Amino acid sequence: MNDEKWAGFRQSLSLQLRVIGALLMREIITRYGRNNLGFLWLLLEPIIFTVGVVILWSAFHNTLGIHVEVTPFIVTGYSSLLLWRTCSFRGIKSIESNRSLMHHRQVKVQDIFYARMLLDVAGITASFLLLMAVMMGMGLMHFPADPLLLITGWILMSWFSACLGIILGCLSEHSELVERLWHPASYFMLPISGVFFMVDWLTPTLQKLVMWVPTVHPIEMMRGGYWGSTVPTHFQIGYILLVCLLMTLAALLLMADRRMKMLV
Amino acid sequence: MIILDNIVRKYKTRNGYHTVLDHVNLTVQKGEKLGILGKNGSGKSTLIRIISGHEYPDSGRVERRMKVSWPLAFSGGFQGSLTGLDNLRFISRIYDIDHASIRGFVEEFAELGKFFREPVKTYSSGMQARLAFALSLAIEFDCYLIDEIIAVGDARFHEKCMHELFEKRKDRSFLIVSHDASLIRAHCSHAAVLESGILVRYTSVDEAYENYMNILHCNA
């Protein structure tokens, strides 16, 4: 009996991997196309943005009250921002733009979300790595003091962003309000997300408040990983891990809701 | 064999639930050609989507013991921003077949010429239908689900489709839903009538046809 179950499981797994692979190819073709620079834009866009912001912020450095080197501060912050913003907005349109493919019973709601989130996280991770390499090459950044902490922060940030994308994607299928409300909400999240400040710069009262914001923790971890102990950072791995686990549970339950497929 | 066991499907409307399929039971044997007659809005398309796995029932069980096609409805199943060729590759991947092995057939059968490499959203509805039909013939199924055969392309192309489907694949099962009785009389050996969510099977196509005609005239 166990052998039979195992064979069935392997068969289902290989089918699901095949479908996710096919959906990935489909996303890559439509998104990065064959015309223009295609895939390169995914890498170039954050570099252009970061270089521009670094130049601007360097000029106003003293007036803005940034107490650390600007380049690594922007690189870690902007890449994190890109992760949760991209995943959340891509998540919302997932089902709609793949609806016609669900005519094939192999294609499940889960596969569509997994393929999308995988592609977005992989693309932004590649651009983050390239950005770091370019900045190191230009002498604007050094090699991270604690690479493991930086990577852990990045993984947690990716995990959080992918769950956020799936949750918003599922909810937006139930109500249009979700998309409408997420646009302003994501703007409100900008100043408190931890992208533009470090916890240590804030007053103790504010510090306590921002520590409730999940994204603050992985961003602090990444910055801690870059500077090491020379720059004070504040984060709790336990808190962000708990948030990610709860969000994963919510995402799985939402995707398993049979109505998701019926809305097609 | 396909088995439908007590399928119930309801849709939410502003005035409570509307039952589209009310405890439907059905068995389709291997090689059987079954036609289901029903008026517009009788739940035919919902039934075929549930059989294909495109949609889930609220309760009841669907068992597929043979390879069942997606509903050949002549348009769905495509991603508009992909080209015809990309769509072929996508479908080959999810059905686990080598796309090179069916490419020649699809390209020739669909008669799209250079448009095969253009996005599907630039196609006319006739071109879309031709591609859809070619793709569903390129992958071999044991049972074809057909939702309302409408004339695809011109008469000659329509003829070609009918030949591929009903002559070359006459050993397969067909499940055809239609409001057009002549279609079902031409291609089916068994028939059933779907009316207000209730499915009734008849011993012969003629009997089903008579009952269907009665329903049509009662409501007229």
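Predicted model: local features only at pLDDT ≥ 70, side-chain atom pairs only at ≥ 80, totals over all residues.
Residues are numbered from 1 along each chain as its sequence is written, chains are lettered from A and ligands numbered from 1 in the order in which they are written, and side-chain values use heavy atoms, with hydrogens and water left out.

The order of the five strands is β5-β6-β3-β7-β8 (chain B), and the pairing in this open sheet is mixed. From one strand to the next, the twist averages 20 degrees. Strands (E, at least two residues) and helices (H or I, at least four residues) are DSSP runs numbered from the N terminus, and two strands are taken to pair if DSSP finds at least two bridges between them. Within this sheet, β3 (residues 33-37) and β7 (residues 190-195) of chain B pair in the parallel sense over four bridges, with G35(B) opposite A191(B) in β7(B).

Chain B also holds an open sheet of three strands in the order β2-β1-β4, with antiparallel pairing. Here β2 and β4 of chain B are the edge strands, and each has a single partner strand, so one side of each is left without a neighbour in the sheet. The twist in this sheet averages 25 degrees from one strand to the next. Strands β1 (residues 2-13) and β2 (residues 16-28) of chain B are joined in the antiparallel sense by nine bridges, and β1(B) and β2(B) form a hairpin with two residues between them. Y11(B) stands opposite H18(B) in β2(B). Strand β1(B) pairs with β4 (residues 59-64) of chain B over five bridges, likewise in the antiparallel sense; in β4(B), R61(B) is the bridge partner of D5(B), and V62(B) is that of L4(B). Helix α1 (residues 44-52) of chain B lies across β1, β2 and β4 of chain B and runs at about 125 degrees to β1(B); axes are lines fitted to C-alpha atoms, for helices over the stretch in contact, and angles run from 0 to 180 degrees between N-to-C directions.

At the interface, 27 residues of chain B are in contact (heavy atoms within 4.5 Å) with 24 residues of chain A. The buried area, defined as the accessible area (1.4 Å probe) that two parts lose on being put together, summed over both, is about 2400 Å² between chain B and chain A, and carbon and sulfur atoms give 57% of it. H54(B), Y56(B) and I94(B) supply 28% of the area that chain B buries against chain A, more than any other three residues.

The interface has one salt bridge, a term for a side-chain nitrogen of Lys or Arg within 4 Å of a carboxyl oxygen of Asp or Glu. This salt bridge links R18(A) with D96(B), whose closest N and O atoms are 3.4 Å apart. Helix α2 (residues 84-94) of chain B gives the most to the side of chain B that touches chain A, with five residues.
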